[in-house]
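Dear colleague,

I am passing on the structure below, followed by some notes on what was found in it. Please read the notes with the model open beside them.

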Amino acid sequence: MDLQLRCRLASMMIAIRYDKKQTQTKVAKKLGVTFQQVQKYERGINGLSAEKLITFCIAYNVPINIFQFWDAYEVLDASDISILQKEKAMHLIDKLEEKYNDKSGSEKNMARESISQGTYI
């Protein structure tokens, strides 16, 4: 999967999850995966299959084309969550985009970094 596409999907998942006031555990249950897998989706370590993307969209009642025509910041801007929650989500998205925009960071380095640091979103 293309790295920019993976980053876009990951940032939109974060934005929609925050907009719907859901935890990674709740998303995981709806997708039939572990919360660790959702963490990997949201960090861009693992790509999201078409089946899981459709399941996500159905579960959260969002049109699939939101991933194509909106960006994560628009989703958060239109959301009725608190400013603090918006800032938390934007911080995660900014961090994700920094990693993908870093030309020296490869996909393997990103995965290695998250494993070695034991960091979780």
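R17 is buried, with a relative accessible area of 7%, where buried means under 20% relative accessible area, exposed over 50%, and partly exposed in between (1.4 Å probe, protein chains only). This is a predicted model, in which local features need pLDDT of at least 70 and side-chain atom pairs count only at pLDDT 80 or more, while totals for chains, interfaces and linings use all residues. Residues are numbered from 1 along each chain as its sequence is written, and side-chain values use heavy atoms, with hydrogens and water left out.

The structure holds two salt bridges, a salt bridge being a side-chain nitrogen of Lys or Arg within 4 Å of a carboxyl oxygen of Asp or Glu. In one of them, the side chains of R17 and E42 meet at 2.7 Å, N to O. Because E42 lies in helix 3 (residues 35-43) and R17 in helix 1 (residues 3-19), this pair ties together parts that are 25 residues apart in sequence; helices here are DSSP runs (H or I, at least four residues), numbered from the N terminus. E42 also counts as buried, at 1% relative accessibility.

K21 forms a salt bridge with D80, and their closest N and O atoms are 3.7 Å apart. K21 lies in the loop between helix 1 and helix 2 (24-31) and D80 in the loop between helix 6 (72-78) and helix 7 (83-101), so the pair ties together parts that are 59 residues apart in sequence. Both K21 and D80 are exposed.

Finally, I54, found in helix 4 (residues 50-59), is partly exposed, with a relative accessible area of 42%.

Best regards

Notes:
Helix = DSSP H or I, 4+ residues; strand = E, 2+ residues; numbered from the N terminus.
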